[in-house]
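Hi,

Here is the structure I promised to pass on to you. Please have a look at it first, and my notes on the findings follow below.

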Amino acid sequence: MVVASSNPIGSEKLELPVIDLSGSREKVAEQIVKACQEYGFFKVINHGVSEDVIRKMEEESLNFFAKPASEKERAGPAKPLGYGCKNIGFNGDMGEVEYLLFNTKPLSISQISETISNDPTKFSSAVTGYIEAVTNLACEVLDLMAEGLWVHDTSVFSSLITHLDSDSFFRLNHYPPFLLDTQSSSSSSSSSSSSASSSPSFQIHHQPNPRYIGFGEHSDPQILTVLRSNDVGGLQIRLADGLWVPVPPDPTTFCVNVGDLLQVMTNGRFVSVRHRAITNSVKPRMSMAYFGGPPLHGLITSLPEVVTPETPSLYRPFTWSEYKETAYTLRLGDTRLNLFKASPDSDPPHPHNS
């Protein structure tokens, strides 16, 4: 079943999809496909990830980010793995965020944990346990996507992220609250009484104040992202008309984002959602994101089931390594998929842009 998740936009209400994975498999598959086509985003409930696994990971995250800066910096700088603060990527992007980025391989996690925790075995165990659980969830969701698309090989997506050489990542994000000073508060009040009465985390913005940006506008380059956050708002997704909509926080659910590669493999039927994170004025926000990626040598191309004479392939074949290298040369908010179109005039049969 789909549970309504209402967001006020003026006098209207938008319902972001919340999908109950315990429902009829055929119906759930249909609902997931619909959500991926309309938003490139949905939440899941009854997801099967145990509260104990989540609690252990959250505790370890909180313990790390509560440390003095000098101790946290032992795990950095992120190149790209490890601890990063405000710098995002290698091309000058900045945000009000600090983070830990991991490769999902157990050996890599074990090694980097030595610089992160006073009890690296406990920390490593929490991370690997969480990654295992969300990888299983990601695979279930990807298989349901394939079933909903009537793809012959229903493991065509999930087999890429379970491959021995899968290039998947896991990131812990901490968004400290911004501090309102008297001058900025007065300025905000005089410019807009409505904006002064509410937190930037829940306002609809086209161009928010840069000081409120935790993680700027972007799409995720991988296949899909499975995200969990605490009870503090901040995540926003962009609709087809360019409107930014806040996603209500709910620690009992997981958010699923369609990534660039999934848009290519579905020949534009699924849309890679553009999103951002806005900081809160009162509480810190924590999120944990799993990015499911294929092997570096994996060939990415539109599936035969979604290519017809009427809807030819929109994108040329490429490897994940090629796409990833291109992404590293661009700014966070740049559109990457346009560089991989089969022809300059090809666009997804969809109101969203690639």
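Glutamate 217 is partly exposed, at 27% relative accessibility; partly exposed is the range between buried, under 20% relative accessible area, and exposed, over 50%, with a 1.4 Å probe and protein chains only. Please keep in mind that this is a predicted model, in which local features need pLDDT of at least 70 and side-chain atom pairs count only at pLDDT 80 or more, while totals for chains, interfaces and linings use all residues. Residues are numbered from 1 along each chain as its sequence is written, and side-chain values use heavy atoms, leaving out hydrogens and water.

The partner of glutamate 217 is arginine 238: their side chains meet in a salt bridge, 3.0 Å from N to O. A salt bridge here is a side-chain nitrogen of Lys or Arg within 4 Å of a carboxyl oxygen of Asp or Glu. Arginine 238 sits in strand β9 (residues 235–238) and glutamate 217 in strand β7, so the bridge ties together parts that are 21 residues apart in sequence. Helices (H or I, at least four residues) and strands (E, at least two) are DSSP runs numbered from the N terminus. Arginine 238 also counts as partly exposed, at 27% relative accessibility.

Two further pairs are worth a look. Lysine 72 and glutamate 98 form a salt bridge of 2.9 Å, N to O. Lysine 72 belongs to helix α3 (residues 69–72) and glutamate 98 to strand β5 (residues 93–103), so this pair connects parts 26 residues apart in sequence. Both ends are buried: lysine 72 has a relative accessible area of 7%, and glutamate 98 has 6% relative accessibility.

Arginine 228 and glutamate 58 make the other pair, with their closest N and O atoms 3.3 Å apart. This bridge links distant parts of the chain, 170 residues apart, from arginine 228 in strand β8 to glutamate 58 in helix α2 (residues 51–65). Arginine 228 is buried, at 7% relative accessible area, whereas glutamate 58 is partly exposed, at 21%. In total, the structure holds 14 salt bridges.

The structure holds 3 cavities of 30 Å³ or more. A cavity is a set of points, on a 1 Å grid over the protein atoms alone, where a 1.4 Å probe fits but cannot get out; its lining residues have an atom within 4 Å of a point. Grid points are joined across faces, edges and corners, and the volume is the space filled by probe spheres set on them.

The largest cavity has a volume of about 150 Å³. It is lined by 17 residues, and Arg171, Asn173, Tyr175, Leu227 and His275 lie nearest its centre. Two or more lining residues each come from β6 (169–175), β7 (213–218), β8 (224–229), β12 (275–278) and β13 (285–292). Of these, β13 gives the most, with 4 residues. By class, the lining has 7 nonpolar, 6 polar and 4 charged residues; Ala, Val, Leu, Ile, Met, Phe, Trp, Tyr, Cys and Pro count as nonpolar, Asp, Glu, Lys and Arg as charged, and the others, Gly among them, as polar.

The second largest cavity has a volume of about 90 Å³. Its lining consists of 15 residues, with Ser229, Pro248, Pro249, Cys255 and Arg285 closest to the centre. Strand β8 supplies the largest share of this lining, 3 residues.

Best wishes

Conventions:
1 Å grid on protein atoms, 1.4 Å probe; cavity = no way out; pocket = protein on both sides within 12 Å on 5 of 7 lines; lining within 4 Å.
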